[in-house]
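Visitor: Hello! Could you walk me through a structure, one question at a time?

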Amino acid sequence: MPVKINNIEKIVKPGSVAVIGASDKHGKVGTAIMQNYVDVGFQGKLYPINISGQPSIMGKKAYKSILDVKEPIDLAVICVPADATSKVLNEAGKAKAKGAVIVTSGFSEVGRKDLQDELIRISNAYKMPIIGPNCLGVMDTRSRNDTLFLPTAKIDRPKIGGVSFVSQSGSVGSSILDLISGEGFGLSKFISYGNAAVVDEVDILDYLSKDKDTNVIVLYMEGARRAKELTLIAKKITKAKPIVVLKGGRTESGSKAAHSHTASLAGSNNAYHAFFSQFGFIEAEGLEELLWYGKIFETQPLCKGNRVGVITNGGGHGVLAADALYQNGLILPELSANIAKNLRKIMPSIVNIRLPLDIGGDAGADRFSAALSALSSDPNIDVIMTITLFQTPGADESVASAIIDAASRKEKPIVVVSTGSTYTKSHTSIIEASGVPVYESPDAAAKAISALVKYSKYKGVIK
Amino acid sequence: MLLNYNSAIKILNKYKIRNVESAIVSTYDDAVKFWNGKGMITMKVISDKALHKSKNGLVSLYLSNPKQIQDAFLILKKRALKLKLGKYKIVVQRMILGGTEIIIGGNIDQQFGKMILLGLGGIYVETFKDFALRLCPISKNEAFSMIDQLKSSNIIAHDAKSRELIASLLLKVSKMFSENDFVEMDLNPIILHDETYDAVDLRLMSDKG
């Protein structure tokens, strides 16, 4: 058994990059990758490599081969056709590249295992880790390393943050990347690993679990390549930071004839569900949930229980929130006596002092602030859900500021529910950018809180 | 293939997993001797090919006199012949009245290896599909979390004592499944009764031909 080649530090944060197959012809993958490195302002050295011998590409001196560069190269990004890949990979090895991302497709995914085996052989010969082939590769928001061949004009790049996203699939990966940008929460790293010829999800999860710039890992997978190895390191990783996972391919194949009731019930998907719940993964049921959970974990502290204090400026939404809490295994508690007494003194007589705390359609920043600070100090409450309908006369940017203020104290997890379009979004995007997750429905917020509760239990914060 | 009945019982006993008193009989006289004038017995056909015994009429219950035992013996033989089961055996057991039926099972997943299952048992297994699954071996906390995951947790484990009973049984079965080369395993039903339990039916499949 050869030593596992899995140190991807220089692939993720390279000081120098050679783009093999770089081009400036419209519509080529090699053009998009070069353009991105130029557009996002990559801080390291960039060497375009093209066999045609043109002297420069996008204003950078170009080389016929990576061997002509004669400078240290950390990462080789390879986007030449499949049948030319092993040759240039071999040259990258000779040039002592510290790693390679192979974007090119046409390997085991189309039955060319022979071509892929050749890549593995070269990787072993030079002890050079490879991500891919058939992948989007890597994006690191801090070093601005970006091997994605998705033009910046077509897909938004998220702001810098603590969520790292790992996806086997390139297409799911890129659509989630676009969605993350829209959600207004921050990304640390994006890694799409495709066929996983050398570096696979076990190596990537291991790396991210130790990465100080990552505080949440969001994972899309269709199947584990090394399930046994994954079980060996899974608890270490999930104890270090939350992993939100979406498993694609949920339909049971049912090919194996079962001789027992157990075997007929314990199909491969149920085995995955069992693995996820036993090893502390937070499982999402779809792309939306992946985002809902990602943003609560990125910004909010863990909670000490499942009692949720709801503040609302709309009565009906308070009722929906109470339902949503119940359906998701959460509790709407009673206010503690002295907190209730204080609130009675502060709030006008139209406000009933009980949860959900309906502070009225005319509530402005004063009432929101008072309610938030009361619930923050109430020992009966573990998490705060603030329903803020910006359509009401009292709600404006001062209410948004009041919420951001309360959340910045990080005493308890706070989430916001806000439903609406243009005017609402102008405020919620500021709230989210300030690190408070916003959800469009009480149900979405309750599901996210429930995920936080689950992980807080796993971590032992909830006894 | 299905592990033979006596070897399977021996393994259960080795891991101190309680099972109801039973015997393989080749004549109805043997069956009457086993009954020995005490209470009720059940009689059933066991075979590689008979997974759904009740559905196929391969189980007789509430037998409490020699005539009933003799009739049941002859009927089961006739049905086994009709179903072309090939090799089969007839087993008699003491009958447990009342109690709650659970299933504890084992399976090998292609990705994750040995798995253990707990569910509402007997004829409800496939109707309600109320079960919890974990990778082997499990810890005691995981055993409790399996119980809590069931919709029927209040039915099968209604107090601290019964939770403890099921959790420790799960640990024994997890150990047995981890240490032996079974590929599939059903202990179904295990009947919870009188503050204890008894495995009533079992299928242990080994991959050794």
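Here is our conversation about this predicted model.

Visitor: How many helices and strands does chain A have?
Guide: Happy to start there, and remember that the model is predicted. The secondary structure of chain A comes to 16 helices and 19 strands.

Visitor: What is the radius of gyration of chain A, and does it agree or disagree with a compact globule?
Guide: Begin with the length, which is 463 residues.

Visitor: What percentage of the residues in chain A count as buried?
Guide: A residue is called buried when its relative accessible area is under 20%. Of the 463 residues in chain A, the share that counts as buried is 59%.

Visitor: Is Ser209(A) buried or exposed?
Guide: Let's find Ser209(A) first: it sits in helix 6 of chain A, residues 201-210. Leaving out residues up to four places away in sequence, Ser209(A) touches Ile217(A), Ile237(A), Ala240(A) and Lys241(A). Its relative accessibility is 12%, so Ser209(A) counts as buried.

Visitor: Which kind of aromatic pair do Tyr47(A) and Tyr63(A) form?
Guide: Over all chains, the structure holds 14 aromatic pairs. In the pair of Tyr47(A) and Tyr63(A), the centres are 6.0 Å apart and the planes make an angle of 70°. Planes over 60 degrees apart count as edge-to-face, so the answer for Tyr47(A) and Tyr63(A) is edge-to-face.

Visitor: How many residues apart are Tyr47(A) and Tyr63(A)?
Guide: Tyr47(A) belongs to strand 2 of chain A, residues 45-49. Tyr63(A) lies in the loop between strand 4 (60-61) and strand 5 (75-78). Both tyrosines are buried, and the pair links distant parts of the chain, 16 residues apart.

Visitor: Which residue of chain B is in a cluster with Tyr272(A)?
Guide: Ring pairs join Tyr272(A) into a cluster with Phe275(A), Phe276(A), Phe279(A) and Phe281(A). The cluster also includes a ring from chain B, that of Phe112(B).

Visitor: Why is chain B as compact as a globular protein of its length?
Guide: Chain B has seven helices and ten strands. For its 209 residues the globule rule gives 17 Å. Chain B is as compact as a globular protein of that length because its radius of gyration is close to that value, at 17 Å.

Visitor: How far apart are the centres of the positive and negative side chains of chain B?
Guide: Chain B carries 30 positive and 22 negative side chains. The centres of these two sets lie apart by 6 Å.

Notes
Residues numbered from 1 in each chain as written. Chains lettered and ligands numbered in written order. Predicted model: local features only at pLDDT ≥ 70, side-chain atom pairs only at ≥ 80, totals over all residues. Heavy atoms only, no water. Helix = DSSP H or I, 4+ residues; strand = E, 2+ residues; numbered from the N terminus. Rg over C-alpha atoms; globule rule 2.2 N^0.38 Å. Buried < 20%, exposed > 50% of the residue type's maximum accessible area, 1.4 Å probe, protein only. Phe/Tyr/Trp six-rings, centres within 6.5 Å; stacked < 30°, edge-to-face > 60°. Contact = heavy atoms within 4.5 Å. Lys, Arg positive; Asp, Glu negative; His and termini not counted. Charge placed at Lys NZ, Arg CZ, Asp CG, Glu CD.
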